[in-house]
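Trainee: I've got this model open and want to talk through its rings and charges. Can we take it one contact at a time?

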Amino acid sequence: MDLLQQIVARAKANKQRIVLPEAEEERTLRAADRVLADDLANIILIGNPESIKADAEKYGLQNIDKATIIDPLNNPRSEEYAQLLAELRKKKGMTIEEARELVKNPLYLGCMIIKTEGADGQISGALSTTGETLRPALQIIKCAPGITCVSGAMLLITKQPQYGENGVVVVGDVAVTPMPDANQLAQIAVCTAQTAKSVAGFDDPRVAMLSFSTKGSAKHEVVDKVLEATQMAHEMAPELKLDGELQADAALVPSVGAKKAPGSDIAGKANVLVFPNLEVGNIGYKLVQRLGDAIAIGPILQGIARPVNDLSRGCSVDDIYYMVAITACQAQSR
């Protein structure tokens, strides 16, 4: 069973309630139908019920009637949600009139449903930008306890089983925070390890804090940041297996790790890689994907109190289907 099949199986074993706020979009609706047919998750669709049902009939979809459909313009809980949103954003000056308009926005409405325990996670991005996806999540659901920055992890499935976890490596941040400080980098490490457990199914995440230096082989302020972040991550999660600073080869290759970082429990054994900044992370995973012919799954957003994930606007039905499974696995660990 490959990793995606494992993720789907875990999602099915403990079904979660996932909101799809772009339900009048064809790929989203087709993915929802497949999710419901496979009994992968309980689906909440936000959109005009008549339009959704008409589209389902036009596309020949047989399972949409199993979903809960919420009309954002005719929602009996709109006033309740508006009052709560206005209270949540009172310090930012939001009025009740502004809140009443926002809860008609499917992305905001989905987050309000999650906030009031009516759902476990949300996925958007087939029609929306990353900013549009993240803004209501951060305003309403907010970050997880102890976390102040959102980041994005990527699952890299390589053809090199000697590396990572049988060829699977989880990396972060590749999507959100351009220049994390030491504290943010520590948070990214802890969150990426959690994603490795909840989504990739790693029983034993082993985190390498990457740099261009291994154990003092170079001196620079950016190396100092990684060292500080390593110490902070140890303090945040004392049980987490983590070491740094390590070069990528020292993190992944046992012979190199033994030579460059003797005595390290992580060197040569890492299955989670934390990049020092977004520039390195984004470039690094794309090089592995293209030159190394690896499968890249994600980015998977992490650090939010409940899972909210972002899609590419060029996403496929398969992409949405598997992101539902990933979001469900994240939700199971909350």
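Trainee: Which residue lies over the face of Y322, and at what distance from the ring centre?

Mentor: First, the ground rules: this is a predicted model, where local features need pLDDT of at least 70, side-chain atom pairs count only at pLDDT 80 or more, and totals for chains, interfaces and linings use all residues. Residues are numbered from 1 along each chain as its sequence is written, and side-chain values use heavy atoms, with hydrogens and water left out. A charge sits over a ring if NZ of Lys or CZ of Arg is within 6 Å of the ring centre and within 35 degrees of the ring normal. Over Y322 that is R34, at 5.8 Å.

Trainee: And how far is the charged end of R34 from the ring centre of Y321?

Mentor: R34 also sits over the ring of Y321. The distance to the centre there is 3.8 Å.

Trainee: What kind of aromatic pair do Y321 and Y322 form?

Mentor: The structure holds one aromatic pair. Rings of Phe, Tyr and Trp (its six-membered ring) pair if their centres lie within 6.5 Å; planes under 30 degrees apart are stacked, over 60 edge-to-face, the rest tilted. Y321 and Y322 are 5.2 Å apart centre to centre with 85° between the planes, making the pair edge-to-face.

Trainee: Why does Y321 count as buried, and what does Y322 count as?

Mentor: Buried means under 20% relative accessible area, exposed over 50%, partly exposed in between (1.4 Å probe, protein chains only). Y321 counts as buried because its relative accessibility is 4%. Y322 has 25%, so that residue counts as partly exposed.
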